[in-house]
Amino acid sequence: MLNSRTFRRQFINRFVLIISTLAALLGIVMLVWILGDVVLRGFGVINWNFFTELPVPPGEEGGGLANAIIGTLVMTIVAALMAVPVGVMAGTYLSEFGKHNLFGRLVRSLSDILVSAPSIVVGVFVYLIMVKTMGHFSGWAGSVSLAILMLPVVIRTTEEMLRLVPGEMRESALALGAPYWNMMMNIVFRAAKNGMATGIMLAVARVAGETAPLLFTAMNSPYWMQSMNEPMANLTVTLFNYAMSPYNDWQELAWGAAFLITVSVLCVNIITRLILSSGRSKP
Amino acid sequence: MSTASSGRPGFTADQLFRLLTAAFATFIAILFIVMLGVLWHESQPAIDKFGFSFLTSSDWNPVSNEYGALIAIIGTLLTTLVAMLVALPVSLGIALFLAEISPYWLRKPVGTAIELLAAIPSIVYGMWGLFVIVPIMADTVQPWLYDHFSFMPLFSTPPIGIGILTAGLVLALMIIPFIASITRDVFLMCPQNLKESAYGLGATNWEVVKDVMIPYGIKGIVGAIFLGLGRALGETMAVTFVIGNAYHLSWSLLAPGNSIASTLANEFTEADGKLYTSALIELGLVLFLITFIVLSIAEFWLHSTNKKRGA
């Protein structure tokens with residue numbers, strides 16, 4: 001009797017172990033499969049023209065996505081310029097003054113929730129407050145919606161990185177008579193600088209791949225960027241339009257765009273991981 | 001009397017600093033309230049016209065100006081349901097593998113690979129789904145399901161590749177890394193001596209997981225599941241590519257459908273007329289509220305495990 005019971009327990013155990021190993025294997029296989037397809041179908045499309053030329057109508061030879069690449073870069077950078085100062089200040093509040101009080105907890109939870117909030121709703125919101133009131137789609141509106149998506153991530157990263165700064169460092173500065181703001185500026189921010197920079201890079205990479213919030217804000221454009229006050233070309237919406245189009249050459253360009261976006265985002269992720277792990281082992 | 005730095009106590013540089021950071025922290029709360037307010041205000045025409053029946057009517061007809069959200073809501077729930085059914089066992093398996101089974105040298109690379117899956121932009125998942133998964137579904141999987149199970153309402157429509165089932169699968173792929181990496185972190189929080197006591201009593205790996213690690217981390221696991229759920233409900237691009245964008249009520253997973261997010265992505269810029277736009281905004285409001293509730297639940301459970309988020 002005991003033997004059959006032991007056997008049953010062993011059997012169930014083996015079964016679960018095998019299943020979960022297969023699940024992990026499945027995860028790896030999917031990553032390799034997706035990356036493999038993106039690289040195989042996208043890499044061949046990338047050439048000099050891809051980075052230097054405007055898009056051409058389907059059927060014509062050549063053409064690139066230069067305007068979309070520039071548009072995505074500009075909009076993402078402008079979004080970071082808007083979100084980072086606000087996010088760093090708010091994150092500072094959470095880490096320094098709002099650790100345990102009700103308001104701090106509220107802002108912290110709200111940021112956590114907004115990190116995962118549907119980005120398309122942010123697009124609708126920015127459409128209503130900017131596009132509708134100004135009467136036209138614009139790069140500014142695109143940047144604002146990206147900034148709104150970036151903000152909660154920057155807040156939480158800043159808070160976490162500031163908390164890693166040891167209390168003794170703060171106390172030493174305060175004991176020397178430094179005012180709190182001076183201690184923050186000269187000691188804590190400097191100590192947390194690298195961590196905050198990598199966290200912010202991750203937030204930037206995250207929104208650089210966003211599509212949904214740009215559909216109704218920056219929209220898209222086949223031309224070079226003249227100003228941010230008009231519809232602005234960007235990689236992700238272009239990818240969407242091209243991939244959904246019935247033309248083969250446009251679909252190929254879409255794979256090229258997918259390759260470029262995926263490789264950039266993954267590179268930023270891997271580099272920041274390396275920096276963070278090398279920084280953590282030192283002190 | 002006139003020494004500059006030690007002025008009145010209510011207004012030192014430090015207090016200014018604190019006030020300034022607090023003001024920026026207030027900004028995100030204000031942003032959230034303004035977002036809700038604007039969406040609510042702009043969906044008034046639709047709310048006035050259709051009232052509660054907006055949520056229960058399956059009419060979505062821009063020509064006759066009749067709008068009901070039922071098809072989009074059902075599409076959202078069905079794709080999410082399919083995604084969760086697939087993603088849950090797989091992510092728990094991955095988390096278990098990473099926390100308990102895998103040899104140590106393998107944990108870091110596999111864990112990193114899973115986390116990198118989470119970093120790939122959703123539009124790449126959507127596009128990959130359209131060009132790679134849809135043909136497989138159309139040629140192999142769906143015909144088989146249709147041939148063998150078409151007596152069930154779930155598989156009762158002819159296979160065309162795109163549709164609710166395909167969207168659910170792509171969605172599952174997207175949320176697996178989120179749920180898996182948080183669940184792994186939760187598993188790793190289980191104290192070693194608890195596990196060792198169980199092993200000492202002769203428990204198998206699975207019994208330790210089932211009777212020690214899962215009960216210990218159940219709050220975090222529930223939080224991770226709700227976080228994945230919130231992500232799946234609001235995901236736009238991965239779904240829009242493969243769901244088929246069709247407006248008819250069907251319980252078949254093989255039929256094309258629509259989710260709230262894909263409706264917005266496809267129709268918002270083209271919507272003409274106040275009522276049409278307003279109905280779409282109300283859809284957005286509904287989605288925002290649903291995900292807010294789901295994510296609040298996730299936040300509550302994750303917060304009570306004191307664990308920072310994996311994303």
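**Stop 1: residues 73–298 of chain B**

Select residues 73–298 of chain B. The span is 77% helix and 0% strand, and its end C-alpha atoms lie 21 Å apart. Helices here are DSSP runs of H or I with at least four residues, strands are E runs of at least two, and both are numbered from the N terminus. The UniProt record, an unreviewed entry, annotates these residues as "domain: ABC transmembrane type-1". UniProt positions follow the numbering used here, feature names are shortened, and annotations may be inferred rather than shown by experiment.

What you have open is a predicted model: local features need pLDDT of at least 70, side-chain atom pairs count only at pLDDT 80 or more, and totals for chains, interfaces and linings use all residues. Residues are numbered from 1 along each chain as its sequence is written, chains are lettered from A and ligands numbered from 1 in the order written, and side-chain values use heavy atoms, with hydrogens and water left out.

**Stop 2: the annotated transmembrane regions**

The same record type, again an unreviewed UniProt entry, places "transmembrane region" at several spans of chain B, including 67–98 and 220–243. Select residues 67–98 of chain B. They are 91% helix and 3% strand, with end C-alpha atoms 47 Å apart. Now take residues 220–243 of chain B. This span is 88% helix and 0% strand, and its end C-alpha atoms are 31 Å apart.

**Stop 3: helix α11 of chain B**

Select residues 260–267 of chain B. This is helix α11, and 7 of its 8 residues are buried. Buried means under 20% relative accessible area, exposed over 50%, and partly exposed in between (1.4 Å probe, protein chains only). Which residues of α11(B) are buried? They are B:I260, B:A261, B:S262, B:T263, B:L264, B:A265 and B:E267.

**Stop 4: B:N65**

Go to B:N65. This residue sits in the loop between β1 (60–61) and β2 (66–67) of chain B. B:N65 is partly exposed, at 31% relative accessibility. Leaving aside neighbours within four places in sequence, B:N65 is in contact (heavy atoms within 4.5 Å) with B:K49, B:F50, B:L275 and B:Y276.

Show side chains next. The side chain of B:N65 makes a polar contact with that of B:Y67, at 2.8 Å. A polar contact is a pair of N or O atoms within 3.5 Å; within protein, one must be able to donate a hydrogen and the other to accept it, and residues adjacent in sequence count only if both atoms are side-chain atoms.

**Stop 5: where chain B meets chain A**

Show both chains. Contacts involve 76 residues of chain B and 82 residues of chain A. The area buried between them is about 7,300 Å², and carbon and sulfur atoms give 80% of it. Buried area is the accessible area (1.4 Å probe) that two parts lose on being put together, summed over both. Pick out B:F17, B:I28 and B:W128. In chain B, these lose the most area to chain A, together 10% of what that side buries.

Now the polar side of the interface. The rule finds 10 residue pairs in polar contact across it, both at pLDDT 80 or more. Helix α1 (residues 13–42) of chain B gives the most to the side touching chain A, with 20 residues. That side of chain B divides into 53 nonpolar, 14 polar and 9 charged residues. Ala, Val, Leu, Ile, Met, Phe, Trp, Tyr, Cys and Pro count as nonpolar, Asp, Glu, Lys and Arg as charged, and the others, Gly among them, as polar.

**Stop 6: salt bridges between the chains**

The rule finds 3 salt bridges across this interface. A salt bridge is a side-chain nitrogen of Lys or Arg within 4 Å of a carboxyl oxygen of Asp or Glu. One pairs B:E207 with A:R9, the closest N and O atoms being 2.7 Å apart. Another pairs A:R273 with B:E115, at 2.6 Å from N to O. A:R273 lies in helix α11 (residues 248–281) of chain A and B:E115 in helix α4 (residues 104–119) of chain B, so this pair joins two chains.

**Stop 7: salt bridges inside chain A**

Over all chains, the structure holds 12 salt bridges. Select A:R170 and A:E96. Their closest N and O atoms are 2.6 Å apart. A:R170 is in helix α7 (residues 167–175) and A:E96 in helix α3 (residues 66–96) of chain A, so the pair ties together parts 74 residues apart in sequence. Both A:R170 and A:E96 are buried.

Finish at A:E159 and A:R163. They form a salt bridge at 2.9 Å between the closest N and O atoms. A:E159 is buried, at 2% relative accessible area, whereas A:R163 is partly exposed, at 41%.
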